Each structure stands twice: as C-alpha cells, then as structure tokens.
Number of protein chains: 4
Amino acid sequence: MLTTNPFDDDKLREECGIFGIWGAENASSFVALGLHALQHRGQEAAGIVSHDGLNYHAHRAMGHVAGNFDRDDIIRKLSGKVAIGHVRYSTTGETALRNVQPLFAELAEGGFAVAHNGNLSNAMTLRGALNRRGSIFQSTSDTEVIIHLVATSSYSSPLDRLTDALGQVEGAYSLLCLTPEGLVACRDPLGIRPLVMGKLGEATIFASETVALDVIGASYLRDVEPGELVIVNEGGIRSFRPFAKATPRPCIFEHVYFARPDSIVDGTSVYEVRKKIGAELAREALVEADLVVPVPDSGVPAALGYSQASGMPFELGIIRSHYVGRTFIQPSQDVRHLGVKLKHNANAALIQGKRVVLVDDSIVRGTTSVKIVQMMRDAGAREVHMRIASPPTKFSCFYGVDTPERSKLIASQMNVEKIARYINADSLAFISIDGLYRALGDQRNATAPQRCDACFTGEYPTTLTDCDVDGKPKPLSLVATR
Amino acid sequence: MLTTNPFDDDKLREECGIFGIWGAENASSFVALGLHALQHRGQEAAGIVSHDGLNYHAHRAMGHVAGNFDRDDIIRKLSGKVAIGHVRYSTTGETALRNVQPLFAELAEGGFAVAHNGNLSNAMTLRGALNRRGSIFQSTSDTEVIIHLVATSSYSSPLDRLTDALGQVEGAYSLLCLTPEGLVACRDPLGIRPLVMGKLGEATIFASETVALDVIGASYLRDVEPGELVIVNEGGIRSFRPFAKATPRPCIFEHVYFARPDSIVDGTSVYEVRKKIGAELAREALVEADLVVPVPDSGVPAALGYSQASGMPFELGIIRSHYVGRTFIQPSQDVRHLGVKLKHNANAALIQGKRVVLVDDSIVRGTTSVKIVQMMRDAGAREVHMRIASPPTKFSCFYGVDTPERSKLIASQMNVEKIARYINADSLAFISIDGLYRALGDQRNATAPQRCDACFTGEYPTTLTDCDVDGKPKPLSLVATR
Amino acid sequence: MLTTNPFDDDKLREECGIFGIWGAENASSFVALGLHALQHRGQEAAGIVSHDGLNYHAHRAMGHVAGNFDRDDIIRKLSGKVAIGHVRYSTTGETALRNVQPLFAELAEGGFAVAHNGNLSNAMTLRGALNRRGSIFQSTSDTEVIIHLVATSSYSSPLDRLTDALGQVEGAYSLLCLTPEGLVACRDPLGIRPLVMGKLGEATIFASETVALDVIGASYLRDVEPGELVIVNEGGIRSFRPFAKATPRPCIFEHVYFARPDSIVDGTSVYEVRKKIGAELAREALVEADLVVPVPDSGVPAALGYSQASGMPFELGIIRSHYVGRTFIQPSQDVRHLGVKLKHNANAALIQGKRVVLVDDSIVRGTTSVKIVQMMRDAGAREVHMRIASPPTKFSCFYGVDTPERSKLIASQMNVEKIARYINADSLAFISIDGLYRALGDQRNATAPQRCDACFTGEYPTTLTDCDVDGKPKPLSLVATR
Amino acid sequence: MLTTNPFDDDKLREECGIFGIWGAENASSFVALGLHALQHRGQEAAGIVSHDGLNYHAHRAMGHVAGNFDRDDIIRKLSGKVAIGHVRYSTTGETALRNVQPLFAELAEGGFAVAHNGNLSNAMTLRGALNRRGSIFQSTSDTEVIIHLVATSSYSSPLDRLTDALGQVEGAYSLLCLTPEGLVACRDPLGIRPLVMGKLGEATIFASETVALDVIGASYLRDVEPGELVIVNEGGIRSFRPFAKATPRPCIFEHVYFARPDSIVDGTSVYEVRKKIGAELAREALVEADLVVPVPDSGVPAALGYSQASGMPFELGIIRSHYVGRTFIQPSQDVRHLGVKLKHNANAALIQGKRVVLVDDSIVRGTTSVKIVQMMRDAGAREVHMRIASPPTKFSCFYGVDTPERSKLIASQMNVEKIARYINADSLAFISIDGLYRALGDQRNATAPQRCDACFTGEYPTTLTDCDVDGKPKPLSLVATR
C-alpha cells in the first residue's frame, strides 16, 4: 500500500477528493494535476471521465494519480474540454475497479458520469428497492444508487432527473456530474463535505480544496454553497437551490486534519486555524517543559502555535524517513507496530534528559501514541506530555470518512486519565470542543451546532437510515443470496 | 494475438464455446479442462463462474484458457460443485473485460450468471427499450439483454423469469445459466448453435462439442434439442419445451470448419463427413495431377478423402511451423501477407516439377489463397489446382460467427472463374451445396433446408431485426450520445 | 512453459539454433525471422547481438522469438548491418538471463559475441583452469569458456585468438561470432551440429537449417564444412581450415526428429528421408492392419512412407489440439500423464474396431507411448502395433541435445519385447541402425560410422573429458564453494 | 522515478549506502530494514547477498528497498546468518541490473561479494590494464575492478588477495565484503565516506549511518576508522591497518545534507550541527524580516537555528505535498519547472505582505531557487532573503557523489551577487567555509584541512588519475571498440 503520511495508520481518513473543469483544452490534464494536489484525500484509486462534445472517455486505476495519470497516452485518450475526476481511499477485492469513480453509465438520454465525495446514509435501503424493480448494480458503491435513480426517474430532462434523484438521498454529497446538459456541481443541504469553485481564463473549476486551484494557477471564486446545484455549459453558469433549506453543518474535522494546511476552508486558512488550536491548547493545558515536539507531519502547525503561545522552543524531536512512499507496512495489526520504527526515529541527541511536550492532531485507536511515547522514553526523555489538537474522537463518521468501528475508538472506551495511563504519558490533554470552535472564531451553539462535530459529540446531523450509531446495519426485508 | 490455427486469418471464426457442470467437487477445474478443449471456438478471452451453495465466484481474463485457468490460485478461488464457463473470440478496447462471459448480476431474487454461444438478432432493439425504461447496460454484449429481461420480468420464479426473457429474443442461443433454482441449459428453437449433454459419475455436463466431454473422461448422453430447456438441481434433471415448435436449422458450417474433427456433431463424425466432402469433391471436380496437398491443418481430412477417392497420393507439400503460438502477425492487412511465409513453408523438394491439387475448406477473402498458390509456384509446381470443401461463402452470418462485412467476401464479388484468375490457380472448384448435403447423408430440401446454410445461400432462418442483409444497422428511433 | 510440439515431453530436444547475417540493412530484423523459423530447435530463450560499425547492441529474453523479437522498439535498438542470434532450450533459475546467448564481452581488442550450437565435452575442465588463473565466469554456460580462452590468448589478432581458443576445446560446436575482424562462422572438425550458408542479395547468411533461409527469401549456397572457419567482412568471404583433419560425423538424429521436414540437411530432403525410413520400416516390420496412424506431428512423414509402401490407408486417428501453445503441463511427472489427454484425442469414430499401426519417430522414456496405446485401446482399437522410425535410444548425448540421464532411457533398461509389454502394444518394432543408414542412402561403416549415432550405439566420436558415459561428472581437483 | 525528498532535483546526491551483519538468524531481514533506513543515500536500486555457510544467495532490484525487499519470498531465499546490502543512486540503461551491488563472483578460492560506497579515482586506468590481461568486465561499475584485482592477485588467502587489491586502488571506498574467511569491512585511508560499527546481541553490524543501527534496535560501538580493515568470523573480530597512514579527510557534506538529521556522524549530532550552521549564518548574515521559512525538508534544522539565534519566528511558508512518492517529474529540464508547483505550494495566507528569510542547505544549479523565490513573490512576500547553509558549491565530487558537470554548478559560473540577481532574491548569503568548520567545532586548517571540502574549495585529497578537475577523462592508450 502506498502511503507517505506518517502515522496515518492511526488517523481518520478522508475518503474522497473531486475535481472538475469546464471549458479548457485538454481538460483532463488539469484534472490530473488537480487530483494530484488532492491526493491526501484518497490514495487508493483515481479516475477521470472526459467529454469531447461527442464521446465520453474514461480511465480508472488503482494507485496514485502520479504513475497513472501523468502518462501522455492516458491523458491524450481522455480528450475534450470538460472532465471530472476522483481520488478514493480504500477500494478492495476482485471487483475493485468497478468501484473506482467517476462512475459512468449510458442512459437513454445520453451519458452520465458522477464523482462523489461523501456518503449516503440511506443507500442500502434505496438499493434494495431499486434492485427489486429490476435495476442491476455493478458496484458496491453507494454512489451507484444515484445513477439508477437518475436512470429510472420519470422526469425527462437530465437536470430534472438528477434533481429528482438527489431529492431521495440522505447524507453527505459533494458531487460533480457530466450530463448531456453540462457539468453539474452540487453540495448537499448541510454542506457536510467541502466544494469550492474557481476560474482559470474562461474555464470554470470545481474542487474539494483550494490547493487544487493553486496547483493549476486558477483563482478561487467562492464555495459552492450547501444545498446549491450549479450547472455550467455553453449557456454560462446557472445556480439552483432545489432542496428544502437547512442550517449548514460543514465538517469540523477538515480543519483539524483532513485539509491541507495551505488550503482555505470556509474562508479561513487551515494553517492559521491549526496554529490557533495549538495556542488555545497552550492556554487550556499548559505544562512546563523543555521542548515542544510535533508528531510529524500533521502535528506541526499546532505544535508551532503551542510553542509560540507558551514560549517553549519548537524542535524536531522525531525524524521521519523521507522514503516511506512505499512502506513495509502490511495491513495486519501485528506489523503495524514495527511500522513506527521504520517511519520515524527519535532525535535522541536532542531528547536525552529533556521534558517533552508532544503535540498531535488526534488520537483514534491509540496504538501509535503508545509507540511514540515509548520512543521518547527510549531516547531518554525525562517527562513526556501529550497534547491533542482535537477533542476525544468517540463516534464513527457515516459521511464519507473512514472510521474504525466505534469500539475500536479508544476515547469511546476510556476517559482521558485512562488513555494517559494506556499510552504511558506523564500528562495528556485534548482541546475542548468549545476551545476548538474558539480557534475557528466561533462560539459553539450547543442546541444547533454550526459544524458537523458528530465524531466528537455523537450529534449526527441526519437520520442514519441504513445503520445504528454503532455502525451495525439495520435488518433489511430482503437478504441477497450473495 | 495468440493464434495457432494456420491460415485462420482468412477463415470464418466461431465466436464462442460454452461448458457447464453440475454436481462435481471442484467443478471449475473440469470447466477449465472443458474450455481448453473448446479453445478453437474462441481464443481471445475466457471466464468461469462457480457457485458454492452460498456464494458465486467469478474470474475472467483476456487470452487463452491455459495460462489463465490452469493456475491453482484461480481454480481454488472458483470453489463449488457447479460452474459454467465460456471462451470468446474478439473482445476489444478499454471495456473489454466487461464483455467477457459468463456475465453475472445480483438480481433481487439472487445471483444470475449466463454463458451464451450465438447471437441475438434483435438485441439492439430490445436494448433500446430496456434503456428507456431505466436499465443500465455495462457491456456492449448482446447477451446482457437477457439479464436485464430477467431482472425486469414480472414473473416471480427465476425459471419463469428466464423463460419470459427468452420468449422475447430472436436469433441463435445456446445458453448455460446459473440461477438460484439450478443450472439451466437451453438451445434456441432452431438449434442453430450446438449443445451436448454428458455424464461423469453423478455429475451432469453441458458443452458445445463432444471433445470437451472426452477431455474430462465423460460420456456423451445426447444433444440438448432445439427449443429445449434443461434444468439440473438437487431434485434431478428436468426438461422443458417452453417455445413454439419450429423446424430445426443447425449450422452446416460446424461440419465444414468450426468443430474439431474428433467431435461428433448431430450424431455424425466430423472427420468422416470432411473425408466424404473430399470424396464428393473428387467426384464433382476431378483433375489429373501428381499430388494431393492439404492446406494445413483444416484441409487435411478433405484432402485425404480426395486422395483416396481419386487414387492420387496425399503428401505434405506445405509444412507449417510448430511455433506459431505467438505470431509476428499484426492486425494490419500489410503484415498479414508476410504472415504466410512465417507460418508455412513449401516442401520444395517434393513440389518441384509436380502438378498439385491443393485442398482447402473454404475461401473467405481470398487473400491467403493467393499466397498459397504463389508459394506452390515459387517451389516449382508445374500446375496448381485448388479444390474447396464448401460452396462459395457469399453472405454474412448473424448467428454468432465472425464474418467480414459482405463486400469483403470474395465470392460475393466474383464468380468462380474470376476467383480462379485472382488467386492464379490453373483450376478452381467449390463443392456444390447439394454435394455438401450429400456428404452429410441428406438431400437438400430447397424450400425448407434442413440446416442453416445462409452463408452460402442467403436464406436466413430468422428475421434480421437489427440490421439488413449487408449488416448495416436499421435506423433506431433513439440515437445514443455515445 | 511454452510448447506446441505435441508429445515432445517424451522427445530428445535439440538445444539450440543459430542464425547470422552480414551486410543487410536492419540485419537484426532478418535474424528475428530466421530465429522464428528455427524456433523448434530451442523454445526457452532467444537473443540477438548486432553491430552498427561502432557499437554492439544486445537483447536477450526468456520465451519465444515471437512476442520478444517482433517488437519494433527492440528491433530498432538492435541496429546495424551485421547481427547474430540464438534460440535456446532450457535455461532455468535466477541467473537464467545470463545464460541466454549470444554471449557478449568487451575484450581489450574490442567487442566479442558468440552464439553456439552444440556442447563442449571438456568445458568443466577448462573452466577450472581459467578460474584458478583469475578469470571470472558470469554464466554456467559451457560457451563462456570460449570467450575467456579468447580473452586470455597470447595471440594478438581476434581471429588468431579465436583459433587458439577453439584449438583447446573438444566436442560439438557450430559457432557464429561477431569480432572486430568480421562475422565468423565455424563448425567443429567432426561437423556434429549442422550449419549452412546462404545469400540474399549482397548479404551472407549462416543458419542451423535451410528453412531459416527460406523464410527470409534467401538462397542456399552450401554447408559450412566440418572443421571449416569462414570469416565475412568488407574484404569479402574467406575460408580457413585451422584444425587437424578428421572424418566428419554429423548427427543422424537431425534426420530422424530435430530438423524441420522442409529443411535440406546434408544435401537431402528431410521429408523424403523420413518417408524412406517409413518405407524401410514397412519392409523390415510389416504387419497386417486396417489403418496407419501417425503420432502427430513428427510421425507423419514416416507414417506416409509406411502407408505408401504397405498399401494400408493413412488416417488421422489421433487429433491434436490446435491450442497447445500455452499448456496446462507442469514440469512434474504426475501432470504429464494428464497432458496427453489435453493435447490429443483419439478419433474414436475412426478407430473403433480397427487394427491400427501407430508410427512414431522415437521412444525416449516410453511414458507417452504407454498413453497413446491406451488411448487407442480406449477408443476401441482391436489391435495396436507400434512402429518406430529410429533404433532404440540407449545412450545420452553430450553434444548439445537434451537427453534424460541414461537410466531414464527405456531402451537402456529393457529389450524390445519388454518395451512392447510395457507400453501394452500387440507388436513393436524399431528400424535397424542399418535400415536407418539405408534410408539415408548409405551403408553403415561399422568401424568408422559416417554419422554420429552414439545415442543408438554408444560409439561417441570424442573423448568425454568432463564425465563418463552415464553423465556422472569426473572428480575435479578443485571443488567450488558454491 | 521514485523520489520523495522535495527539491532534490537540485541537490547533490549521495550515491550509496551499505549495511552488513554477521551472526544473526535471517541476517537478510535485518539488512533489508537497515537499507530502508539508508534509502536517502540511494533510491534507484538495491541489493542483498547472503551466505548460509554453504551457498551464497543474491537478489538485486531496481527501485526502493520497500516493495522489493519486504517480500517474504525474497527474504526467505536470502537465507543465512551473514549478509551485506547496498542501496544505489542512478543506474540506467539496459545493463542496469548488472551494475546493482553487491557485486558477486565465484572465484577459484570461493565466493566473493562486495558492496561499495565511494568512488575509485583510478578505476578506468586499472580496468584498462586488467582488460588487456584477459579479465572480462560485466558491469560499468568501478567496483568491479576490485573483484578482478582480487581474482588475479598472486596471494593465496582471500584476505591477502583483498588487501593486495585495495593497495592498488585510489579514491573513496567504504566496503563490505563477504569472503570465505568472513565478513570484511574496510574504509579507505582518508576515510572519505563514513562507516560505523554496531552490536545487536551477538551480532556485529556495519552501516553507513547510525540511523540504520537505530532501526533494528542495535547499539553503536564505534566508527570503522580511516584505513582500518575489520574482519568478523567465527573466530571473533580482528582489526588490521594494512595501508600507509594518512591524515583523515571525511566528507564535510555529510553534515550539510547527505546524512539524516537523526544520525551521529563523526561523533556529533547532525541535527545539532545543522542548527549551529543556521545560528552561525544568522551571525554572519543577519537580515531584518518577519518570518524565517525553511525550504522543506532539508532546510528545516538550519532555519530553526537561524530563527532561534535571530529571534524571528519560524513558520511553514512552503507546504510540501505528502504525495510526491511518485511524481509527475520527467527527466527533461522543461517539466522540472512544473515540478516545483506540484511538490510545494506557498502558504499564501501566511506570506502575504511579509518579509521572508528563506533558508536552504545548498544551491547546485540554482534552478529550484529561482522558482522558490518566485513562489514567495507570487504569494505576496514583500521581501525575499535567501540564506544558504553551506558555502558555494563550485567543484565536482569524484568520491561517490553525483554532481553535475562543473559548468552546470551555478557558483562556478557566477559570484554571489550575480546569483542573487539570477534567483531574484533581495539578498543572498552563503555561510563561509570557516563558519561551516566552526559549526562543526573546528577551526579550518587551511594548509591541511581536516575534512574533504573539495566541492567548495577544489582541494581534492587524492590524485585524479582518470580525469581532470572538470571531469573530462584523460586520454587512454587504448580506445575500446564500444
């Protein structure tokens, strides 16, 4: 498995990034660059579908964007002035490639391609109904439900059929669709997953994050708003609001970990927010020590914020190998332990005899934290204090983030004190939920939170039609043979 | 491209072979052997679907059976006591693997797999209607129509749904289906393509040709009859005749070229029939010469028949390379010319100064015949006489045989005399259509022929719903975007 | 393993074929075609080295010529007007590619490439001496000894160094070498392995068999004579005879099995010789029967000869699969038994109730014969008589032919009667050694045989320096660590 | 090409890392881990040779250690309690794998394997002489000279032969050899390249850097000293000093860039030295600004030192993509420009309106510096000051570091002022050579420098037998044909 983000074995993972462009020669070459910049949102598979005015062209591959979509022959095949793309985390098994997006189907009214970031919380229920009606599913992806709803809609225009389909789904969806009427971008009424809009010359661009605009030299226009559907075609750009209005609840974890530090999310710099979280953490949970050491690389901005607010020096106490692009890590729990040693090494000459504040962005299973603390102690640290730039992660996400089942989340099983003992830290503190909102410039509205913070609070913004809060599927009336 | 059948660049090609077994441990290992024996019916791709009582397992691959389905890991994965398989000619392009059979879908009532030999002559028309109704097609295969018709049938049992579906299709189909009710074998009312039934211990087997029974040591029971549907399951074997009765018209070309000489087709030995065709040809078109030389390998039995009937010695005047498994041949017309040289060589020491009768099974485009005659002359032949073991091939087949478009068939453009000049033969003769029937022990009924001989006579046994006799598609009411 | 020659599991195997050309644009493209025509002499690996006047270019690959040397990029890389090539049987293990010929080395006086058909019978002894002197071997090939002898020779001109080197080796060698002085072709004093010389326009060609000349449209000039060394360069063609004169002993088995039937070996048509062997066999061992059935494909000419001499009809009683290019066969003894079934099938409709004469070219281990006889009996043969177109193979070959160790040769363990019982034939006869010479137009000189027939008689034409007659290595003074 | 070290297109590159172990079960699995930790020293190819007491086992592969040497089957094949390994930068072309080390040969006295870090400055000259004597080279590696010198030595014991061979070579060599007498580690008399010795239980380990000891949990014993030869076998560890004594000159650039920051080189922490270089740089070339921004990742320690010494805040002004493991970069100059954009992005929200001090470790060609300065300006930086943690790189290295030819080194063509204009920086300063020695705790001895600093000063510690200072080969008496 390819992974270069250190310690990400014990992180939540964004499941997708999407990118689309209308109106540029060799549209797919821009999509490839944009997806490369979004690679951190999904590293297992990637795909692009383009349209040349007459035909659709698709290519999907397991693995990174680079190595698959930087090949001349591939990009040349994906001809046309409009294209959408998708990067994806975790697609496994024999039929893997069938689940790689963008999904495409030839419907009676023409081709239809869709790239989806998010997760539908009533997909299994809808799938059962469509199946009984005679629709044949090719993938295990929730996204395919959207295509079949479009195909079987009783409306006639592609846009009406899509709107009809989206009216039936629940959950999180930032979508890019190629339809005979144009490129459609849409964000669910709660705006759970991000989607921004940009411009490069005459071309219109949509992307999960602003870094994807940066990489192609495009400028940021605005966010696609929660509940908004934008269509771009020869007639220009039109915006619709086909859904019942709802109070937006964008994902707060994008700021904590998912988004790249150089992205602007919801109008604020991710890097600045993370530094502020670190500073807030220094206020909430100061401890006297000699060094502030980030857990690389995601803990760096919060550690800088902690260091600057506390006056204690920021130092690289953990050195990560530059060459973890291909790793020895196997997917079994066993070998993961060895993984830390391969990917990181204590800077022992620095640590020896010192009191260390370790700053990390989150604790999921806790397995990595155990090893990092031990690594500090083995290197001679006198004290090891752990500070976490997010509240305890207690609940699973059902909106497009890969979370272990709830019982594997250490914070759903232990309180902070027990976790501290478990990871063998001299002290442990998480930022408070209110502190996190403060770093974002908000005061949390406890009765109607301004963000989706369900992974910390359990307050899910939608009904969980397909499963209960522990992720167990609700019984279906029909059990498939397979 | 893998091809070991010499000169087959200029042959009609059977498009498929199928094999299925019910009731044997490691059913898929038998299917692999059976498909290997049927490899001559389709060399581009192969697939097997098995059922282990609980789950379906599928593997499909481009290329030969050997090299793909003789691997332990593959066969072990395809577990279960029932399995069906398919070999296929010519699947191209990006979505190639999606067209490789058996096709499989999870329907509301359980899994459904189908392997199809033949071609539906109203597939495009049915596909348009299903598409408008909301069915999404994944392949360009006519066979997928059957699955969608089953999925959307208003009947409730799998068998009723399949019967309902088959009631709507036209053309040629020998089918093997895995359904929740059992293994189903079915042959269209005209019985255009073959299908036989065999037994090995307790197991029941279906195959396109008897050689596939031989290879696994099974015994031949009987043909699946035209219009018959056989279902095998724990309850035993049941036979149905769900279709309106029709006079059978099995394909005559199976005897001329498609079937292996060691197969028994319609109760007669293919080898014996081909020798009789050669003998008949000697009666119809004797010429005085020194040697009877077969065009290897398909011309050998007819040449032996010609030699024995005429008393002229049978000799190997053309030696073929044993190592054409992987060939230099590229798909362009240009390099094909060079191909003959690589694959065959004149036995010049034998040919020098002799009068030669060349015996071949058929002439399609004529390109190869030109080169063989020239090769004989270059080797010093004094006279070259060509004798063909089938009537002139003047019409395309729409029932599962890969035919060039009609204008490329030399016999649709020239009479025999002109062809003789074109290929530079001292004389040329084709067996008559009546002579061909005589070799089969029949007298051709001109008003209701006992066989499908449309490639020679243009008398198609079904309506050609999707296209006209030249293969041009009839206009559809809807033109797809792609 | 790729193999398309039926039943060749139980045949002796020629280990090499060589081809070289001087003076043609894109010389390597001719070499590729020539090697393709010689593929029957070695199917495991192939290589070409070319020289463009300035640089040498080399490509070697495991597998067939086709698939490796019909690629534009490869051939374009192998630029120049002179090139030599090699096909090889059986190279295994990690260091496999190092053993693939032509071998190449940059010597002090320039590049040196060599392609070798044959086997040196004192290679191990020479290797030990060179090793102790400081020469480092890269392959396990006996041929590498030649390169090191050239490199360490005290003579100064490349040709003198080569002559010096060849003066020290014993055994069989038909060689093609690229040297700074030109293309050198050489055949050992006994001429054990064949080597012919041809012409195409201004270009000079050397090849193991005439079929390789045919395939590129070249004409046959003459054999390179035993003990002759020919050098071709800008100055023309010169011939030398640097070795002590010896009575030639060319390999008799080339006529029996190795050479292609359309080749001319020692001035006689291989096809004609094989037919004469069959006729001779009919005279020596006639039996009354209904059919003469060849064991395909190598038994065909002898069977035709037997049929024509005896008046009994020649029939295809065994049908071989066209698609054995890639086979299910694994290298274990076990699965080989199953192999026969996959590759061949009895033509049961023909065999049923008949008395059959089976004609095969040789019996090595006997394993295949057992199965063929059984296959005939299973198909209903009333009697099965086996006739073999060579004398009993009782001894191993040490001159470039892959032979099982002597104890595996059935004829070294049993007399004819016992073998007949072992293979369960109603009768069995081998042609006599004198009959075989008669078919070649000779009378065998028992004191000084005109051919190398050691595999039948044990009369080896050279000293066996490295091993004894059973193939066991003689003790060396130095045992290598590895 | 795999590369994860950002901006390393414009860095000098260490050409090798070596690792060996004596006396551990599954020695090769430790070597694999050790090489993984040394991956930054060579990313193009890797190899391991083990010895199991009887046989040698070798595996070499293009690409990273991970992906090649973390496979069970490979490691299991490399059995034994002693093994050596090598990572290598830049091996290209057809014969690539032949150059991948450890090299191995079977000599008359047993197997011999060698892994070499460094470069011999008289290799071409020695090769010519060996070649004329009859030695045949298989690679283009300078290291192969050592093997042939050993093979042709007139001494009898392996160790004597090796000592004899090393007495003839000049230049840089840290070596690990497997010989029939044991594992030999050796460092050239000047100690140009590093080599350390460690212990894990009973096992003895040698490695290029201490991080490779850390990763397997081994403890550091001492450096192998310049001019020392250590042999480990069943009899224990013995040390020899077979060469004439010389004043050591270890490479100073290891501290600047090559070594990992968590390594201890020459007894000092690389991280601490780099921070001190940054502090020294702040003293030598302070400038008033708002932010100190490291060029990631190699500029980070020096930037921290600069920040702490100057009191200006350290900030991540450039964000690098985590996913540059596989990059879009093609080897042409053109696309490299685009490369910076893909690998890094300005943290524009931070940079906008600020005065920025950029800290980098070195400038080689200057191409990347141009782009980074421009990136800062595009992000709105008010001023951009560049500080470099090494003196101007003006001379090529001939001791195992990949350097562009001298004319490509920007500092050999321009003075500091001109470079500043070329890269468009408001100011530019390099640390002085004396400042660099100060950071290392030394005062540079101008007449006999304590380090090899030839890349900055042109004072090469050895004769350059094969070429002149511009890297042009001196004329040889013999010009090879190829």
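Me: Helices (H or I, at least four residues) and strands (E, at least two) are taken as DSSP runs, numbered from the N terminus. With that in mind, where is D:N424 found?
Reply: This is a predicted model. In it, D:N424 belongs to the loop between α15 (416–423) and β23 (427–430) of chain D.

Me: Why does D:N424 count as partly exposed?
Reply: D:N424 has 15 C-beta neighbours inside 10 Å. A residue is called buried at 20 or more and exposed at 12 or fewer, so a count in between is partly exposed.

Me: And A:N424, where is its place?
Reply: A:N424 is in the loop between α15 (416–423) and β23 (427–430) of chain A. Its phi is near 65 degrees, a positive value in a residue other than glycine. A:N424 counts as partly exposed because it has 15 C-beta neighbours inside 10 Å.

Me: New topic. Where does UniProt place the feature "binding site"?
Reply: The UniProt record, an unreviewed entry, gives that feature at A:C251, A:C397, A:C452 and A:C455. These positions are spread over 205 residues of sequence, yet they cluster in space, with a largest C-alpha distance of 10.2 Å.

Me: Which loop holds A:C452?
Reply: A:C452 is in the loop between α16 (433–439) and α17 (454–457) of chain A.

Me: Is A:C452 buried or exposed?
Reply: A:C452 is buried, because 26 other C-beta atoms lie within 10 Å.

Me: Leaving aside neighbours within four places in sequence, what is A:C452 in contact with?
Reply: Its contacts beyond those neighbours are A:I192, A:R249, A:P250, A:C251, A:I252, A:Y399 and A:P461. One of them, A:C251, is also a position listed by UniProt for the "binding site".

Me: What about A:C455, which helix is that in?
Reply: A:C455 lies in helix α17 of chain A. With 28 other C-beta atoms within 10 Å, A:C455 is therefore buried. Setting aside neighbours within four places in sequence, A:C455 is in contact with A:F253, A:T393, A:F395 and A:C397.

Me: Switching to the backbone: which residue does a cis peptide bond join to B:P296?
Reply: That bond joins B:P296 to B:D297, with omega about -10 degrees. B:D297 lies in the loop between β17 (291–294) and α10 (300–310) of chain B.

Technical notes
Residues numbered from 1 in each chain as written. Chains lettered and ligands numbered in written order. Predicted model: local features only at pLDDT ≥ 70, side-chain atom pairs only at ≥ 80, totals over all residues. UniProt positions renumbered as here; feature names shortened; annotations may be inferred. Contact = placed C-beta atoms within 7 Å.
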